[in-house]
Amino acid sequence: DSAMAAFKRALKLSPNHPNAHSGLGWMLSRKGNWKEASEEQRKAIKVYPDFAPAHRRLASALANLGDLDSADREFNQALKLNPRDVTAHVEYAEFLKRQGKLPEALAQYKKALNINPDSKPARDGLASLTKATVK
């Protein structure tokens, strides 16, 4: 709540600041408010279209709202803008895994590990996916 208040104060000072919109959207998503979270990410993208974290966060919000096609497009846009974003690869892998697209998810986990072999979320995701495909 205090983080959301800080982002709102920042937006009063600078109403078009993409980091403040994206940060507020991120906090809203952590509270499960996916609709408002997606709206804040869209505001960040409108101001700064190449802001990869906003595309990634929008993708997650859209996935939670059930708009899977748009979520997939936003994940791909985030990765196009920043192909070395380990978090984007991991979150996209998790999204793909939930869709039953296991080979694609596996590829995303591997890309994340190629970028950062020490990424615990990527290692854990790959391990859980490998166990799921062996069963």
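**View 1. Valine 90 and the residues it touches.** In this predicted model, Val90 contacts Tyr109, Ala112, Ser119, Pro121 and Ala122, leaving aside residues up to four places away in sequence. Contact means heavy atoms within 4.5 Å. Residues are numbered from 1 along each chain as its sequence is written. As the model is predicted, local features need pLDDT of at least 70 and side-chain atom pairs count only at pLDDT 80 or more, while totals for chains, interfaces and linings use all residues; side-chain values use heavy atoms, without hydrogens and water.

**View 2. The largest nonpolar core.** This core has 25 residues. Val90, Tyr92, Phe95 and Tyr109 touch the most other members. At least two residues come from each of α3 (34-47), α4 (52-65), α5 (68-81), α6 (86-98), α7 (102-115) and α8 (120-134). α6 gives the most, seven residues. A nonpolar core is a set of buried Ala, Val, Leu, Ile, Met, Phe, Trp, Tyr and Cys residues joined through side-chain atoms within 4.5 Å. Buried means under 20% relative accessible area, exposed over 50%, partly exposed in between (1.4 Å probe, protein chains only). Helices are DSSP runs (H or I, at least four residues), numbered from the N terminus.

View 3. Buried here are Ala37, Ser38, Glu40, Gln41, Ala44 and Ile45. They lie on the same side of α3 because they cover an arc of only 160° around the axis. The arc is that of the directions from the helix axis to the C-beta atoms. On the other side, Lys35 and Lys46 are exposed. The buried residues of α3 pack against α1 (2-13), α2 (18-30), α4 and α5.
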